[in-house]
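Please read the report below alongside the sequence and the model.

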Amino acid sequence: MLLLTACENTPFNLAEIQSTGPLATEPSILDSSSISLIQRKKQQAVIESAFSRRTSPERAHQLAAICFDKTIGTVFMPFDLAEIALAETGGFQLSSRAVSTKGARGVWQLMPVRARSHGYSSKDMLDDGKCAEAAVCELYSKLDMAQGNLERAKKYYCGQGPQADAYMKRVLTIRQEMMAELRLQNEKLALADTSSRVR
């Protein structure tokens, strides 16, 4: 079992939530309402690549597929779930056995009380699929608190204060890394498509 110090998805003081300033939004490539299945698949490939730098190729493949599957039919994209996993347990090989000093569990680091609030047990957090489902539920609850602001919801996923600010910096660094790889992938596809037309 890995023991780590990470953010805790804890309850909030409503006054503190309302005083939070607006955060920057991402370009339309990250807008889940307009993203196609093909674009989601491209995200899955990028996520697998990012995950494989932190864990085995087999586990990276499995977790990337979970990020894809568990966001279908939601307002979230695969990148949203991947960013949280990488911020929470990326430094711990994305281990399902990761446990924070405060008791948050699994790849997506849900506190037992928060997991239970979504119908999952602490033991369920050892199961990557169930942990991802609980993380999606938690992100929905934070999105509601954040009045639809996804950036703020991700910050709330961690908590409040300096620890949450540092967490968001990690999330943004992870996003930049994945967006750069996605752009590179799109450029390669466009170049391949152009060459095939020239022939």
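## Burial and surface

Of the 199 residues in the protein, 47% are buried, where buried means under 20% relative accessible area, exposed over 50%, and partly exposed in between (1.4 Å probe, protein chains only). The model is predicted: local features need pLDDT of at least 70, side-chain atom pairs count only at pLDDT 80 or more, and totals for chains, interfaces and linings use all residues. Residues are numbered from 1 along each chain as its sequence is written, and side-chain values use heavy atoms, with hydrogens and water left out.

Carbon and sulfur atoms hold 55% of the accessible surface of the protein, which comes to about 9,800 Å² (Shrake-Rupley method, 1.4 Å probe; for residues, only the protein chains shown count as cover).

## Fold

The protein has 8 helices and 2 strands, taken as DSSP runs numbered from the N terminus (helices: H or I, at least four residues; strands: E, at least two). Their order along the sequence is β-α-α-α-α-β-α-α-α-α.

Among contacts in the protein with a separation of 6 or more, 65% join residues 24 or more positions apart; a contact means heavy atoms within 4.5 Å.

## Cysteines

A disulfide is a covalent bond between the sulfur atoms of two cysteines. With the cut-off for the sulfur atoms set at within 2.5 Å, the count is 0 disulfides. Cys67 counts as buried because its relative accessibility is 0%. Cys137 is at 30%, so Cys137 counts as partly exposed.

## A charge over a ring

The charged end of Lys41 lies over the ring of Phe68, 4.3 Å from the ring's centre. The rule asks for NZ of Lys or CZ of Arg within 6 Å of the ring centre and within 35 degrees of the ring normal.
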